[in-house]
Amino acid sequence: MQNYEKFKEQIFKKTGINLSCYKERQMKRRIDSLIKRNNFDTYDDYFLAISKDKSLFDEFINYLTINVSEFYRNATQWEIIKDDIVPTLLKHSKSIKIWSAACSTGEEPYSLVLVLSQLMPLNQIKIIATDIDREALNKAQIGIYSAKSIENIPKDLMNKYFTKIGDSYRISEEIKKCVEFKQHNLLSDKYPDKCDLIVCRNVMIYFTEESKEEMYRKFHDSLNDHGVLFVGSTEQIILPNRYHLTALKTFFYKKI
């Protein structure tokens, strides 16, 4: 299909999402697949359709933002957060500010609350959780998850904070109250400041190198002096000192 550049411009004007910041071959392939699945022949026809049909537009945003998540993803890394990262941060301050960026459908920020609940009272926990996808945020706020997504949660926390509903599991209101969900575009919106811990995992792989470099610099600026950035298992930062970060442990980087 032709006119992909025009389509990118139209999407940017409509949504503020800059498709040029994503790896083009990968993103174009996903969009082309979606267009064909909906029986459109051109980018122009598809853009016209999503401009008029909210359900098609919501589907496009959902498809664009790849929401694949689970609780305690890469479980050993969450042990490091519980046993090392958070206790160290608490030595500097009794209350810590945490941002879960690109939080998808909520598994990650809720995992953070579950970890922190073992170290402090729930009424002292506040997580900022952001994502570009409004539908994903809606699902996060509902807080109902499949058996597959919760299988890594420690049994005692499962029993304490989840209720079985049919084949799914609902997270408790007391956990949900600890998370504030907001819509946010990592490419264009202002980042929260003075964060003690930023968790941004399994999303950077979809962006161009130029976009990633800009985001790493912004993450650095968002961290407190002792702050830590936690990235995904396929997203180790090459030469982190370029962004004034230093490797604390694998996938954890401290501001310098």
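Cys 103 is buried, at a relative accessible area of 1% (buried is under 20%, exposed over 50%, partly exposed in between, with a 1.4 Å probe and protein chains only). The sulfur of Cys 103 has its closest cysteine counterpart in Cys 200, 10 Å off, which is too far for a bond. Cys 178 is in no disulfide either, the nearest cysteine sulfur being that of Cys 103 at 15 Å. Cys 178 is also buried, at 3% relative accessibility. With a disulfide taken as a pair of cysteine sulfur atoms within 2.5 Å, the count is 0.

The model is predicted, with pLDDT of at least 70 required for local features and 80 or more for side-chain atom pairs, while totals for chains, interfaces and linings use all residues. Numbering starts from 1 along each chain as its sequence is written, and side-chain values use heavy atoms, without hydrogens or water.

On to the sheet: 7 strands make up an open, mixed arrangement in the order β6-β2-β1-β7-β8-β10-β9. Strands here are DSSP runs of E with at least two residues, helices runs of H or I with at least four, numbered from the N terminus; pairing takes at least two DSSP bridges. At the edges sit β6 (179-183) and β9 (245-249), each pairing on one side only. Strands β1 (residues 98-101) and β2 (residues 127-131) run parallel over 4 bridges, and Trp 99 stands opposite Ile 128 of β2.

Helix α7 (residues 134-142) covers β2 and β6, at about 165 degrees to β6. Angles run from 0 to 180 degrees between N-to-C directions of axes fitted to C-alpha atoms, for helices over the stretch in contact.

Conventions. Contact = heavy atoms within 4.5 Å.
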